[in-house]
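Try each task before reading its solution.

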Amino acid sequence: EEEFKWLLQEEVHAVLKQLQDILKEASQRFTLPTGGAGGDVKQENFVLSTSGTDQVKGVLTLQGDALCQADINLKMPRNNQLLHFAFREDKQWKLQQIQDARNHVNQAIYLLMNRDVNYQFRTGSEVLKLMDAVMLQLSRARNRLTTPATLTLPEVASSGLTKMFTPPLPPDVLVNFYINLNKLCLTVYQLHVLQPSTTKNFKPAGGSVLHNPGAMFEFGNQRYEVSHVHKVECVVPWLNDALVFFTVSLQLCQQLKDKISVFSSYWNYRPY
């Protein structure tokens with residue numbers, strides 16, 4: 001009983017403090033301040049590449065959760081024509097996955113800071129409840145980075161992203177940006193128009209993170225088929241850091257839950 005009392009009063013707070021420190025580090029990765037007087041988030045440039053193809057090359061500039069510049073070269077396979085397009089200067093593209101992950105981390109920190117060092121935990125179930133709430137936020141933060149949104153091709157075509165570029169994207173090219181684990185990914189779809197007289201059996205594709213050649217869709221009273229798909233990506237080191245912090249934090253939460261559960265299975269103990 002004394003050991004359980006010590007666990008509730010001392011060790012729980014030590015773990016909460018450790019979790020706060022780790023998650024504050026994780027939260028800082030998402031903001032990346034320059035340290036300048038303005039406190040602006042620094043810009044980072046990343047070169048897009050993939051093994052085995054040079055169809056798409058580009059440089060992306062990331063500022064926190066926003067893509068503030070994208071400079072892309074696309075080699076068209078039909079005629080080897082080289083297309084170049086970049087973000088318009090007045091445009092930025094928010095990466096909702098990064099924004100959501102940061103919000104979940106901050107929510108987890110808020111839950112932990114709500115129980116200061118003077119707070120007395122009275123039951124094991126109270127600690128378990130707090131750990132479950134923190135773990136839920138951390139799992140959601142991690143899932144936002146590891147599970148990109150599934151989109152239909154008409155959703156990609158109607159996305160605001162298609163209107164970001166100068167010169168404008170040709171009508172037979174679609175692009176999509178997303179986060180996958182510690183990588184920033186760009187997918188470029190090249191399309192061909194399906195003529196009304198085509199004998200192909202038209203089957204619109206459903207939602208997917210990555211559509212394959214042969215996927216069909218209808219947009220603006222026109223039917224299209226994906227002819228080529230190019231996926232290029234770059235590693236964002238601080239996203240990797242954040243994912244490691246999430247994993248370590250979830251393990252700490254689980255270890256504390258396991259200790260509490262061991263005691264609780266012996267006593268349904270209430271010190272007061």
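The exercises below look at one glutamine and then at aromatic rings.

This is a predicted model, in which local features need pLDDT of at least 70, side-chain atom pairs count only at pLDDT 80 or more, and totals for chains, interfaces and linings use all residues. Residues are numbered from 1 along each chain as its sequence is written, and side-chain values use heavy atoms, with hydrogens and water left out.

**Exercise 1.** Decide whether Q97 is buried or exposed, and find what it touches.

*Solution.* Start with accessibility: Q97 has 9% relative accessibility and therefore counts as buried (buried is under 20% relative accessible area, exposed over 50%, partly exposed in between, with a 1.4 Å probe and protein chains only). Next, list contacts (heavy atoms within 4.5 Å): leaving out residues up to four places away in sequence, Q97 touches R144, L145, T147, P148, Y178 and I179. Finally, look at R144, whose backbone oxygen is 2.7 Å from a polar atom of the Q97 side chain.

**Exercise 2.** Classify the ring pairs that F30 makes with W238 and with F246.

*Solution.* Recall the rule: rings of Phe, Tyr and Trp (its six-membered ring) pair if their centres lie within 6.5 Å, and planes under 30 degrees apart count as stacked, over 60 as edge-to-face and the rest as tilted. For F30 and W238, the centres are 5.7 Å apart and the planes at 75°, so this pair is edge-to-face. For F30 and F246, the centres are 6.4 Å apart and the planes at 15°, so that pair is stacked. Then check burial: both F30 and F246 are buried, and W238 is buried too, at 4% relative accessible area.

Definitions and conventions
Polar contact = N/O pair within 3.5 Å; in protein donor to acceptor, adjacent residues only side chain to side chain.
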